Amino acid sequence: MPRAKLRSPAQLELLCSDDTHTTVEVLPFSGPTALEDENFPFELISDIAERESWRKEINRPIYHIHKWWAQRLGSVFRAITIGALSPSGTNVFDAFYEPLRLPKAVVFDPFMGSGTTIGEAVKLGARAVGRDINPVAHFLVRNALAFHDRQEILAEFERISADVAATIQTYYKTELADGRNATVLYWFWVKTVSCPDCSESVDLFGSRIFARHAYPKKYPECRATCPDCGGVNVVRYDDTTVACRHCLSQFDPQQGNAKGQKATCPSCEHQFQISKTIRESNQPPKHRLYAKLVLLADGTKEYHEASETDQALYDEASNRLEERTNPFPIVSIEPGYNTNQALGYNYRAWHEMFNNRQLLCLSILSERIQKIDDQTIKELFTCLFSGALEFNNMFASYKGEGTGAVRHMFAHHVLKPERVPLEANLWGTNKSSGSFMTMFQGRIMRALEYAEDPFELKVDSVNGKKSTSKVYGLSEPIGFDITTSFADFQKGKRLYLSCGDSSKTDIDTGSVDAVITDPPFFDNVHYSQLADFFHVWQRHILGAEGYRENVTTRSEREVQNSSVADFTDRLQGVWTEAARVLKDDGILAFTYHHSRSEGWSSVLRALSKAGLVVTASQPIKAEMSVAMPKQQAKEPIDLDIVVVCRKRGYVEPKDHETIPWEDVERLARNQIARFRSTGRKLSRNDVRIIVMGQLLKSLSSHSSFDKSYDMLVEADQDIENLIEALHEKNEKVRQA
């Protein structure tokens with residue numbers, strides 16, 4: 001088949017150059033884009049992305065005003081956008097640090113998530129269309145990219161503070177045994193269950209040490225609670241025998257009543273299954289308040305055991321909560337892979353994940369936010385409130401000293417009940433973590449400052465050591481009047497966001513220059529099941545209209561699915577719609593990785609049936625390096641593949657009878673070597689990502705969808721052999 005004549009949106013012609021920016025025009029040209037070049041500088045962009053990933057919330061705060069899962073790196077999508085809209089031969093790394101403007105380019109992201117693609121596109125002066133089936137994703141991107149007057153936002157925060165801060169803080173006050181008054185930073189709780197044999201209450205401590213430093217060998221001092229009197233003791237992290245300073249009893253701080261899935265009653269020594277015992281109680285587990293970390297007037301912090309007065313204060317909060325009308329949303333938790341663990345502990349509704357003091361204070365704060373007249377400002381503070389929820393519930397835990405104190409509830413990507421939960425001070429202090437006040441300063445204000453003057457990171461090398469600097473003046477400020485229909489967008493609006501199924505849109509056929517996105521995986525992490533935790537509160541404050549009409553964010557049409565067949569079908573639907581809205585010479589580029597072969601064969605089938613062909617495969621740095629699921633993986637995946645596609649007909653079919661292994665190996669070996677040259681260590685699964693990307697490119701151009709799919713599936717062992725050989729050789733060369 002002859003190669004189709006191209007009229008690509010990627011031709012960039014200099015129209016105007018001054019001291020502030022370079023404007024580029026989208027013009028016809030025949031030829032590939034810079035993103036399709038073999039020398040696309042993925043290893044250099046990955047170095048920038050690596051630095052960004054260490055503190056994403058600081059280096060790209062605009063995408064981190066609220067929790068979302070698998071938040072991608074802004075520097076990666078800036079490079080992808082530049083490459084997708086630049087002609088072959090463009091030095092993308094140099095262009096990365098140029099003040100480019102693409103005023104006529106239209107970029108569409110059908111899986112916008114936290115908004116990374118959309119934000120990077122508008123920073124480059126392009127016009128952008130974003131869509132997501134999940135209302136929480138849509139809501140956070142609207143807030144991230146809408147125009148906000150920083151002074152007005154600050155003034156509203158001060159008004160909220162004046163109205164409710166003192167009231168909320170009354171429930172975080174304490175008097176110490178020596179008569180000193182203090183503010184409580186964190187209350188420490190432990191889950192309790194009744195012994196099935198003797199009915200005595202059993203604390204589910206796995207260890208009596210409840211507070212330690214993130215680096216205990218360097219800072220060995222810890223806090224442990226005495227099993228006899230409840231007193232708080234200073235111990236070493238590795239102590240096995242200590243004497244309580246209060247009652248002088250000897251105990252092993254490393255031991256608790258709970259070990260693994262079982263607990264032992266200290267009264268009768270009966271051992272029992274924890275989850276089975278809780279499940280049979282037919283109610284969520286109870287909690288006992290046992291300690292507190294307080295902030296003194298001089299700014300110092302101290303640990304103390306909880307007192308009867310502290311319990312009385314909690315009881316008072318419970319009484320005040322009962323007096324309030326409609327204080328919180330009452331919505332059932334539906335079964336699902338990511339919710340079944342909570343349901344197994346008898347948490348049947350979302351509000352049961354909070355204790356009464358948390359519900360009272362959240363109620364006071366949400367009621368005040370409801371009274372804000374300006375809808376845009378009200379939505380922003382609802383977004384802040386919603387973001388604070390993940391740190392202020394009874395599924396959060398204590399990380400300890402030397403790091404952010406509160407471990408949020410989604411650290412494991414499931415709703416995992418904590419046996420020793422942490423209750424933080426909701427309003428917060430200047431020494432707090434995860435509070436409404438500190439998140440306003442650390443998330444909202446930081447994001448607004450970035451929106452006014454965005455920057456890029458630059459990796460410098462001085463005397464052989466890498467350092468990072470910020471480069472300003474490259475991008476447009478962020479803040480737009482967001483339209484809600486494509487018809488209005490066509491009148492010249494810069495940004496159109498919508499919530500719904502991306503396999504069906506109102507976007508005109510052939511109107512988009514580039515589709516750039518990060519689709520969900522087929523796996524067991526269903527974002528909608530987790531997002532409902534936020535959605536019910538957003539709906540409670542803002543009402544149940546529009547895209548918040550449904551009580552859940554779950555949808556039968558969401559692509560993320562544990563069924564390979566359903567995932568493939570729904571992904572194909574979105575790719576088919578993407579092909580429809582793309583110009584004939586447009587680019588579809590998406591980032592992807594998966595450790596299972598089905599994850600790749602399903603993508604190949606979805607692309608092929610949508611009439612798309614892979615023209616390039618570029619490995620690049622993936623998500624945050626310190627994510628807990630990644631740390632726990634045996635062979636962690638640190639790379640994504642940028643899969644670059646065109647409509648079928650752009651590439652001449654290659655109807656080979658077998659996989660061209662020589663080409664696949666050559667290209668994969670070259671990409672591995674380029675990463676090695678920058679000092680990046682690749683895991684076996686990273687090598688897998690590179691190989692699978694090249695296989696997609698090789699097979700997608702086959703004229704027979706079934707043939708290409710069968711070749712990929714049948715080559716499973718050959719693929720494993722190639723991955724092992726490339727990984728082993730890379731390790732030998734790297735260590736030489």
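1. Two strands are taken to pair if DSSP finds at least two bridges between them. Helices (H or I, at least four residues) and strands (E, at least two) are DSSP runs, numbered from the N terminus. On that basis, β14, β15 and β16 make an open sheet of three strands in the order β14-β15-β16, with antiparallel pairing. The edges are held by β14 (258-259) and β16 (271-273), each with a single partner strand, so one side of each is left without a neighbour in the sheet.

2. This is a predicted model, in which local features need pLDDT of at least 70 and side-chain atom pairs count only at pLDDT 80 or more, whereas totals for chains, interfaces and linings use all residues. Residues are numbered from 1 along each chain as its sequence is written, and side-chain values use heavy atoms, with hydrogens and water left out.

3. Confidence is expressed as pLDDT, the predictor's confidence in each residue, from 0 to 100. The protein has a mean pLDDT of 91, and 94% of its residues reach 70 or more. Over residues 1-19 the pLDDT is below 50, and this stretch has 58 contacts in the model beyond near neighbours in sequence; contact means heavy atoms within 4.5 Å. Over residues 25-29 the pLDDT is likewise below 50, and that stretch has 23 contacts beyond near neighbours in sequence.

4. To return to the sheet of the opening point, two bridges join β14 to strand β15 (residues 262-264), and the two run antiparallel. Ala258 stands opposite Ala263 in β15. Helix α8 (residues 274-281) lies across β14, β15 and β16 and runs at about 70° to β16. Axes are lines fitted to C-alpha atoms, for helices over the stretch in contact, and angles run from 0 to 180 degrees between N-to-C directions.

5. A further open sheet of three strands has the order β9-β10-β11, again with antiparallel pairing. Its edge strands are β9 (209-211) and β11 (232-236), each of which pairs on one side only. Direction ignored, neighbouring strands of this sheet are turned by 50° against each other on average. Strand β10 (residues 221-225) is joined to β11 by five bridges in an antiparallel run, and the bridge partner of Ala224 in β11 is Asn233.

6. Strand β22 (residues 455-462) and strand β23 (residues 465-472) run antiparallel and are joined by eight bridges. Lys458 has Ser469 as its bridge partner in β23. The two strands form a hairpin with two residues between them, and Asn463 in the turn has a positive phi of about 55°.

7. Two packed helices are described by the angle between their axes and the distance between the axes. For helix α9 (residues 308-323) and helix α11 (residues 356-370), the axes come within 8 Å and cross at roughly 50°. α9 and α11 are therefore oblique to each other; angles under 35 degrees count as roughly parallel, over 145 as roughly antiparallel, 65 to 115 as roughly perpendicular and the rest as oblique. The crossing of α9 past α11 is left-handed, a term used if the near helix is turned anticlockwise from the far one by less than a right angle, with right-handed used if clockwise. Leu313, Tyr314, Ala317, Ser318, Arg320 and Leu321 in α9 meet Asn356, Arg357, Leu359 and Leu360 in α11. The residues of this contact divide into six nonpolar, two polar and two charged, where Ala, Val, Leu, Ile, Met, Phe, Trp, Tyr, Cys and Pro count as nonpolar, Asp, Glu, Lys and Arg as charged, and the others, Gly among them, as polar.

8. Helix α16 (residues 564-581) and helix α17 (residues 597-609) have axes that come within 8 Å and cross at roughly 35°. α16 passes α17 in a right-handed crossing. The residues of α16 in this contact include Phe567, Leu571 and Trp575, and those of α17 include Val603, Ala606 and Leu607. By class, the contact has seven nonpolar, three polar and three charged residues.

9. Helix α20 (residues 684-700) packs against helix α21 (residues 705-714) at an angle of about 150°, with the axes 10 Å apart. α20 and α21 are therefore roughly antiparallel to each other, and their crossing is right-handed. Met692, Leu695 and Leu699 of α20 make the contact with Ser708, Met711 and Leu712 of α21. The contact of α20 with α21 has five nonpolar, one polar and no charged residues.
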